[in-house]
Amino acid sequence: MHVVTIGREDAPAMLLLHGAAACDCFAGQYDCLSAHFRLFIPHLPGAGEAVGEIYDRETTLRDLTALIETLPRPLCLMGHSIGGELAVALVARGPERFSRAVFLSPWVCATRVGCNRCERL
């Protein structure tokens, strides 16, 4: 998984999960956020360096979980759209991994299948 890192090495860590096919959706906030956090921005399937990869929710969650295990703690998490859906699932599956989480317009409950998935979380 390609990951862009921005910010001081000694700053608290923040993982940013972008929306569908938009790995630059937080680009306007990089300066502000990196003044306080070390940002880790993975390119999710279908975007940036991973544009040729097919998005599969469970595979992406598995890859993100492996990435999270390598990141410093405490870890803040922010996700937008599909990244928000992934963030909700990551926190539901391992809340102890995160010091805080922000969900921006998470793409959840868009279909009956999505609603059923969220109810299980």
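Buried means under 20% relative accessible area, exposed over 50%, and partly exposed in between, with a 1.4 Å probe and protein chains only.

Residues are numbered from 1 along each chain as its sequence is written, and side-chain values use heavy atoms, with hydrogens and water left out.

The predictor's confidence in each residue, pLDDT, runs from 0 to 100. The protein chain averages 88, and 89% of the residues score at least 70. Helices (H or I, at least four residues) and strands (E, at least two) are DSSP runs, numbered from the N terminus. Where pLDDT is low, the predicted coordinates should not be read in detail.

Now to the sheet. Two strands are counted as paired if DSSP finds at least two bridges between them. The sheet is open, has five strands in the order β1-β3-β2-β4-β5, and shows mixed pairing. Its edge strands are β1 and β5 (100-104), each pairing on one side only. From one strand to the next, the twist averages 15°; axes are lines fitted to C-alpha atoms, for helices over the stretch in contact, and angles run from 0 to 180 degrees between N-to-C directions.

What are the neighbours of β3? Strand β1 (residues 3-6) pairs with β3 in the antiparallel sense over four bridges, and Val-3 has Pro-42 as its bridge partner. Strand β2 (residues 13-17) runs parallel to β3 and is joined to it by three bridges. Here Ala-13 is partnered with Arg-38, and Leu-15 stands opposite Phe-40.

Is β3 covered on one face or both? Both faces are covered: Arg-38, Phe-40 and Pro-42 on one side, and Leu-39 and Ile-41 on the other, are all buried.

Finally, the helices. Helix α2 (residues 57-70) lies across β1, β2, β3 and β4 (75-80), at about 165° to β2. Helix α3 (residues 82-93) lies across β2, β4 and β5, at about 140° to β4. Contact means heavy atoms within 4.5 Å.

Definitions and conventions
Predicted model: local features only at pLDDT ≥ 70, side-chain atom pairs only at ≥ 80, totals over all residues.
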